[in-house]
Amino acid sequence: ARALLDTRGQDDITIKAALVREMQRLGRAYPDKGYGARFNQWLYEDDPQPYRSYGNGSAMRVSPAAWLAESMQEALHLAQLTAEVTHDHPEGIKGAQAVAAAIFLARTCDEIRPTYHHVESCQETVPQAIAAFLESTDFEDALRTAVSLGGDSDTLTAITGSIAEAFYGVPENLKQECRKRLTPDLEEILQACENMILQR
């Protein structure tokens, strides 16, 4: 979010450099948080390069791309950029784009149409997360459904929750409880992102 906010309207190279800088800054500030082995190594490299990953990280972190975009095309483009700095495997990029598309549609359409499911071709987690959202009745139900699927629950809920937030919003009591857990640095990034969204 911070990188995309700071580079609005700039070229892809500048955006990617900001993404790398901010991901390394935040990743290093919060070590030992269950990052994948390759991502953890990437965090500390002087010249970090993408490592052909098709893991879940690109889909977990993509929501700001969809929230800050003003068109589907922009959402997909920003999603690709956020993925490519680490997850440059085609499946990693598709996973990020599928989640970004779902979030963009959820925040801009009255309903997610059944014909949208064709972007769920990304391996396993992203389709499951989207299905959990599509089966939900509200934000909390979406998270509970994602957890009930088992497996990598934090990944599933990160993706499902991002889509559900765009469609349902987050109940105020949950929002306040989560904000209590943020460090000042993370709170500032969240506030800046929310301010940009409110200006539309």
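Me: In which helix is the place of L43?
Reply: This is a predicted model, in which local features need pLDDT of at least 70, side-chain atom pairs count only at pLDDT 80 or more, and totals for chains, interfaces and linings use all residues. Residues are numbered from 1 along each chain as its sequence is written, and side-chain values use heavy atoms, with hydrogens and water left out. Helices (H or I, at least four residues) and strands (E, at least two) are DSSP runs, numbered from the N terminus. On that numbering, L43 has its place in helix α3.

Me: Is L43 buried or exposed?
Reply: A residue is buried under 20% relative accessible area, exposed over 50%, and partly exposed in between (1.4 Å probe, protein chains only). The relative accessible area of L43 is 0%, so L43 is buried.

Me: Which residues does L43 touch, not counting residues up to four places away in sequence?
Reply: Contact means heavy atoms within 4.5 Å. E91 is 48 residues from L43 in sequence, and the two are 21 Å apart in space, C-alpha to C-alpha. With residues up to four places away not counted, L43 touches M23, Q24, G27, R28 and Y35.

Me: How are α9 and α10 oriented to each other?
Reply: Axes are lines fitted to C-alpha atoms, for helices over the stretch in contact, and angles run from 0 to 180 degrees between N-to-C directions. Angles under 35 degrees count as roughly parallel, over 145 as roughly antiparallel, 65 to 115 as roughly perpendicular and the rest as oblique. Helix α9 (residues 139–148) and helix α10 (residues 153–168) pack at an angle of about 160°, with axes 9 Å apart. That makes α9, relative to α10, roughly antiparallel.

Me: How many nonpolar, polar and charged residues are in the contact of α9 with α10?
Reply: On the α9 side are F139, A142, L143, A146 and V147, which meet S153, L156, T157, T160, G161, A164, E165 and Y168 in α10. Ala, Val, Leu, Ile, Met, Phe, Trp, Tyr, Cys and Pro count as nonpolar, Asp, Glu, Lys and Arg as charged, and the others, Gly among them, as polar. By class, the contact of α9 with α10 has eight nonpolar, four polar and one charged.

Me: Which residues is T145 in contact with, leaving aside its neighbours within four places in sequence?
Reply: T145 lies in helix α9. Its relative accessible area is 14%, so T145 is buried. Apart from neighbours within four places in sequence, the contacts of T145 are A132 and E135.

Me: Is α8 parallel or oblique to α10?
Reply: Helix α8 (residues 125–134) packs against α10 at an angle of about 40°, and their axes are 9 Å apart. Relative to α10, that makes α8 oblique.

Me: What is the crossing of α6 and α7, left-handed or right-handed?
Reply: A crossing is left-handed if the near helix is turned anticlockwise from the far one by less than a right angle, and right-handed if clockwise. Helix α6 (residues 72–84) and helix α7 (residues 90–108) have axes that come within 8 Å and cross at roughly 145°. The crossing in which α6 passes α7 is right-handed.

Me: How many disulfides does the count come to?
Reply: A disulfide is a pair of cysteine sulfur atoms within 2.5 Å. The closest cysteine sulfur to that of C178 is in C193, 15 Å away, which is too far for a bond. C193 is buried, with a relative accessible area of 10%. By this rule the count of disulfides is zero.

Me: What is the phi of D32?
Reply: Most residues other than glycine have a negative phi. D32 is found in the loop between α2 (12–29) and α3 (37–43), and counts as exposed at 75% relative accessibility. D32 is not a glycine, yet its phi is positive, about 55°.

Me: Where does R52 lie?
Reply: R52 also has a positive phi, near 55°, in a residue other than glycine. With a relative accessible area of 46%, R52 is partly exposed. R52 lies in the loop between α3 and α4 (57–60).

Me: Which residues is I197 in contact with, leaving aside its neighbours within four places in sequence?
Reply: I197 lies in helix α12 (residues 184–198) and is partly exposed, with a relative accessible area of 22%. The C-alpha atoms of I197 and P64 are separated by 9.9 Å, with the two 133 residues apart along the chain. Leaving aside neighbours within four places in sequence, I197 is in contact with W67 and L68.
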